[in-house]
Amino acid sequence: MLDELVLGVLERLQREDAEERERGLPPMERSRQVAATTGRFLFSLVAPQTDCEVLEIGGSRGYSSVWLGAGVRYLGGRVLSLEQDPAKAASWRQNVSEAGLADWVDLEEGDAFATLEKLEDVFDVVFLDAEKDDYEALFALARRRVEPGALIIADNVISHAETLGAYSAARQADSTLVSVTVPLDRGLELSTVLR
Ligand SMILES: C[S@@+](CC[C@H](N)C(=O)[O-])C[C@H]1O[C@@H](n2cnc3c(N)ncnc32)[C@H](O)[C@@H]1O
């Protein structure tokens, strides 16, 4: 549900991100959150699904988590977000709580590689938005936590084509997936699991 609490947090995070960019803060000190239109797109993918279990790899301060959590709140579901930076994780908790989404969205603080090794849950949607050099390895770990029909979404495949062009090519050459590059904002690779 996109109620006033959710919209208030999203608008504030958009404002803070714009201010940090204007001040010229280096990327690692910013939230590096998805564009607002990508947030809307993520929301639209999960809202129509019943009991949608979402895994987010790279939660930062919670901007995309809030979009995803507001989406799964319609027909039930849950978002598990992974974030290793303690300061970002603290902001994430505050933002998700302020958005009224703490019952739908959880954070696992720590290295996603370690978390994914020990996770036993199965997810319907995975959103991959961590360090670009890690996408292949993180995809391989996430692939073990999904079943046929699941969707794995990777951000930045166009903005970081020099690194992630190979990621898209590998997904599109994989006959166990149907994969398409969606040219929205920084570019999203949508890979549906066939088997
Ligand atoms: C691009 S930002 C995520 C932005 C977020 N999805 C949003 O739209 O609000 C990437 C985040 O992934 C986190 N990250 C990178 N590698 C990680 C890892 N191995 N384990 C957990 N978090 C990681 C970074 O600390 C950073 O906050």
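This is a predicted model: local features need pLDDT of at least 70, side-chain atom pairs count only at pLDDT 80 or more; totals for chains, interfaces and linings use all residues.
Two packed helices are described by the angle between their axes and the distance between the axes. For helix H2, spanning residues 36-46, and helix H3, spanning residues 63-72, the axes come within 8 Å and cross at roughly 30°. Because angles under 35 degrees count as roughly parallel, H2 is roughly parallel to H3. The crossing of these two helices, H2 and H3, is right-handed. On the H2 side the contact is formed by Gly39, Leu42, Phe43 and Val46, which meet Tyr63, Ser64, Trp67, Leu68, Ala70, Gly71 and Val72 of H3. By class, the residues of this contact between H2 and H3 comprise eight nonpolar and three polar residues, with no charged ones.

Around the ligand there are 20 residues, of which Gln33, Gly58, Tyr63, Ser64 and Ala112 come nearest. Two or more residues of this shell are given by each of H3, strand E2 (77-83) and helix H5 (112-118). Tyr63 and Ser64, named among the nearest residues to the ligand, also belong to the H3 side of the contact with H2. The shell around the ligand is made up of six nonpolar, seven polar and seven charged residues.

His160 lies in the loop that runs between strand E5 (146-155) and helix H7 (161-172). Because 16 C-beta neighbours fall inside 10 Å, His160 counts as partly exposed. Although His160 and Ala35 are 125 residues apart along the chain, their C-alpha atoms are separated by 15 Å.

Key. Residues are numbered from 1 along each chain as its sequence is written. Axes are lines fitted to C-alpha atoms, for helices over the stretch in contact, and angles run from 0 to 180 degrees between N-to-C directions. Helices (H or I, at least four residues) and strands (E, at least two) are DSSP runs, numbered from the N terminus. Angles under 35 degrees count as roughly parallel, over 145 as roughly antiparallel, 65 to 115 as roughly perpendicular and the rest as oblique. A crossing is left-handed if the near helix is turned anticlockwise from the far one by less than a right angle, and right-handed if clockwise. Two residues are in contact if their C-beta atoms, placed from the backbone, lie within 7 Å. Ala, Val, Leu, Ile, Met, Phe, Trp, Tyr, Cys and Pro count as nonpolar, Asp, Glu, Lys and Arg as charged, and the others, Gly among them, as polar. A residue is near a molecule or strand if its C-beta atom, placed from the backbone, lies within 6 Å of it. A residue is buried if 20 or more other C-beta atoms lie within 10 Å of its own, exposed if 12 or fewer, and partly exposed in between; C-beta atoms are placed from the backbone.
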